[in-house]
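Subject: Structure for you to look at

Hello,

Here is the structure I said I would pass on. Please open it next to this email; my notes follow below it.

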Amino acid sequence: MAFSFFGGVHPKENKHYAENQKVQEFPAPDLLVIPMSQHIGAPCLPLVKKGDRVTVGQKIGDNQGLCVPVHASVSGTVKAVEARPHTNGMTCMSVVIQNDHLDELCPDIQPRTQEEVDKLTAEELIAIVREGGIVGMGGATFPTYFKLSSGLGKVDTVIVNAGECEPYITADDRLCQEMAPELVSGLKIIMKIFGLKAAHIAIEDNKPAAVKALKFAIDPADGIVVDVLPAKYPQGAEKQMIYAVTGREVPSGGLPAAVGCAVFNAATCKAIHDAVYLGMPLIKRIVTVSGDICMEAKNLMVPVGTPFEALMEAVGTSENPYKVISGGPMMGAAQYDLAVTTNKGVNAITILGRKNRFAVDNPHCIRCGKCMDACPMHLIPVMMYNAERNSDIDEMKSLNMLDCIECGCCAYTCPAGIPLVQSFRTGKQKLRDAMPKK
Amino acid sequence: MAQMKYFYELTISSSPHAHSSTTTQTIMRDVLIALVPALIMSVVFFGFRALMVTVVSAAACVFFEWGYRKLMKLDNTAWDLSAVVTGVLLAFVCPVTIPYWTIILGDLFAIVLVKQLFGGIGKNFVNPALAGRAFMFSWPVLMSTWVKVGFSNAAGLISTADAVTAATPLAAMHQGQMCSESIWDLFIGNVGGCLGETSALALLIGFAYLLFRKVINARIPVAYIATVAVLAFLFPLGNDRIAWMAAQVFGGGLMLGAIFMATDYVTSPVTKLGQIIFGIGCGVITILIRYFGGYSEGVSYAILIMNCCVVLLDKVGRPVKFGAPKKEAAKK
């Protein structure tokens with residue numbers, strides 16, 4: 001273990017704002033907007049209509065294909081089923097629920113005892129994970145059941161990603177500190193599904209309290225190793241993490257299962273535990289609400305569908321926000337409308353002040369090559385940028401633009417302030433447009 | 001929907017939303033800081049005229065940069081300090097006796113013809129300071145009049161008539177003889193030559209600073225200097241191999257060129273392999289010119305020639321992407 005991936009940067013961690021804040025239950029607001037698309041794949045179709053009464057944990061959306069269901073996070077009445085702004089910048093069909101604050105539990109939710117869980121087969125467990133609406137909670141929101149079922153028989157190494165290399169975010173850090181037993185329990189379920197005797201939990205060395213809590217929660221007989229990796233961005237990126245833990249390189253364009261690995265976010269493990277033992281689907285998650293202008297940064301346990309404005313009011317800001325970001329500052333999406341709501345993949349809301357402005361009107365590349373030294377995928381951002389500006393499809397292809405993981409290291413380090421990631425997103429679209437239609 | 005109840009505007013942009021504190025300006029500032037030891041040594045050896053020539057050259061470069069951008073209605077890049085670096089470096093590769101009008105013409109050539117006509121910062125394909133120097137050799141006598149070192153011999157700020165001329169160590173070595181100066185004098189810079197190139201010690205201090213600040217990496221300078229050292233060691237013209245090698249390395253403009261000119265971001269490769277080949281190429285051409293050329297110094301032209309190969313070198317040096325199929329990786 002402990003290989004060091006090439007490249008990367010070390011942005012100011014800024015974790016001190018929230019790292020010592022215990023996770024607090026955030027009271028569900030009066031109105032929740034639950035998007036039907038909270039995962040990669042086919043969006044859910046709403047199963048409820050205006051005027052219906054819903055209960056906590058009730059399935060309100062599902063679909064065929066690569067999809068996981070969506071559940072009501074509170075009890076109340078459906079006020080509307082309509083398109084609402086989504087954190088991805090577009091609009092998305094959403095179920096709007098008027099909260100009746102009764103928190104009436106859906107009768108389908110039945111806890112399981114250890115004996116019952118022990119009797120479950122891998123297929124049954126995977127079905128529970130799907131019905132629990134569980135997705136990768138690090139931000140990518142890849143359906144977890146699919147990762148499990150497609151990895152059956154291929155995966156020999158399971159890694160729990162508690163790296164959390166993004167600045168400001170402390171949600172997984174707090175989760176490891178406060179809910180390590182549930183995390184380990186969820187990991188054991190994953191190990192059972194894959195039939196493995198050993199697993200890794202990978203975490204950065206800037207979270208000593210979480211490392212301690214995890215080591216305390218692990219029984220020596222479990223075969224679980226805590227790998228403490230150096231704090232470096234993007235340590236938590238899937239391919240980089242697999243390399244750092246096992247030394248294996250996920251092939252370009254391939255999935256981790258191709259090298260026998262499966263990576264699960266720490267919060268995902270906890271959600272699997274909840275779904276299997278408590279019968280509770282994924283309806284709330286820890287969200288770090290932090291930023292350099294927050295009066296009091298917090299880690300909050302937030303019901304899915306809570307508007308950003310409500311969460312921002314809970315922390316208060318010392319000046320008007322310059323940017324409100326869903327996620328962390330390196331990969332998060334800046335929001336234009338604070339009516340957007342949290343979903344399963346929102347691990348943080350980062351509120352930045354005006355002094356974070358660094359945009360340059362006319363950036364001039366000086367070919368310093370710092371972007372290359374920072375690229376964890378060994379690409380050449382300086383040449384990719386020129387190729388994109390010239391819309392040179394062949395050159396973009398030969399520079400492997402589609403391998404870019406949009407981690408932001410290049411743009412972070414660029415002394416000229418060139419919006420490189422923006423350019424590569426555009427370039428990837430140009431490449432996709434140029435591909436022959438199947 | 002979307003009635004905004006907040007009274008402020010949110011900014012949206014593509015991620016990342018964080019940025020390192022390094023900018024073009026801080027990089028150029030670091031380069032200037034790294035040049036300070038060499039400037040101090042040049043004043044020690046050549047008098048205050050050295051400082052004056054440097055200041056005039058830097059000011060002229062900033063003026064031409066500002067003027068051109070203004071005239072062409074382009075954004076103003078005069079304050080990013082890159083023009084200052086060009087001005088200082090051009091002064092550093094001239095004799096201290098250079099008339100002010102000559103260096104100002106050199107600045108004009110460097111900034112307007114070499115840099116701005118190709119699109120400004122980041123677009124020029126050869127190093128502006130070295131191209132300016134090459135242009136200034138239109139006045140070969142002015143460009144190769146070397147004064148004896150020592151504060152008492154220093155050339156006047158205005159008139160240079162009093163200065164006592166002398167030969168440079170490389171001029172002697174060009175004749176195939178070992179220079180008369182001691183290696184120690186060559187190392188600290190107590191020898192005739194261009195304004196900023198004499199003191200290897202001061203330049204190495206600047207090199208250490210640049211490495212510490214991660215402004216440059218060591219690949220080009222080390223490859224360049226090592227190539228010159230190895231070739232000089234293998235093919236000495238004097239009796240003492242070691243002394244010949246040391247004189248080739250510390251005498252003349254090699255240190256200045258390898259540390260500050262060949263590493264110019266714009267005109268050097270960005271790929272690792274490209275940088276190493278670039279450094280070796282510079283070293284080979286330098287030795288070829290010093291041994292067989294009509295002119296005793298080869299650094300400027302070696303770098304200018306290699307500048308023209310940068311696009312090719314970057315093609316050769318492309319790294320293998322993460323997760324590339326092993327066959328492809330083995331092929332490269």
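Two strands pair if DSSP finds at least two bridges between them; strands (E, at least two residues) and helices (H or I, at least four) are DSSP runs, numbered from the N terminus. This is a predicted model, in which local features need pLDDT of at least 70, side-chain atom pairs count only at pLDDT 80 or more, and totals for chains, interfaces and linings use all residues. Residues are numbered from 1 along each chain as its sequence is written, while chains are lettered from A and ligands numbered from 1 in the order in which they are written.

In chain A, β7(A) and strand β8 (residues 91-99) pair antiparallel over 9 bridges. A:Pro85 has A:Thr91 in β8(A) as its bridge partner. The hairpin of these strands has 5 residues between them, and A:Gly89 there takes a positive phi near 95°. β7(A) also runs antiparallel to strand β4 (residues 53-54) of chain A, joined by 2 bridges, with A:Thr77 opposite A:Arg53.

Between the chains, 35 residues of chain B are in contact (C-beta atoms, placed from the backbone, within 7 Å) with 58 residues of chain A. Elements giving two or more residues to the chain A side include β7 (76-85) and α13 (420-434).

In chain B, helices α12 (residues 254-261) and α14 (residues 299-307) pack with axes 9 Å apart (lines fitted to C-alpha atoms over the stretch in contact) at about 30°, an angle taken between N-to-C directions from 0 to 180 degrees. B:Leu254, B:Gly257 and B:Met261 of α12(B) meet B:Val299, B:Ser300 and B:Ile303 of α14(B).

Regards

How values were computed:
Two residues are in contact if their C-beta atoms, placed from the backbone, lie within 7 Å.
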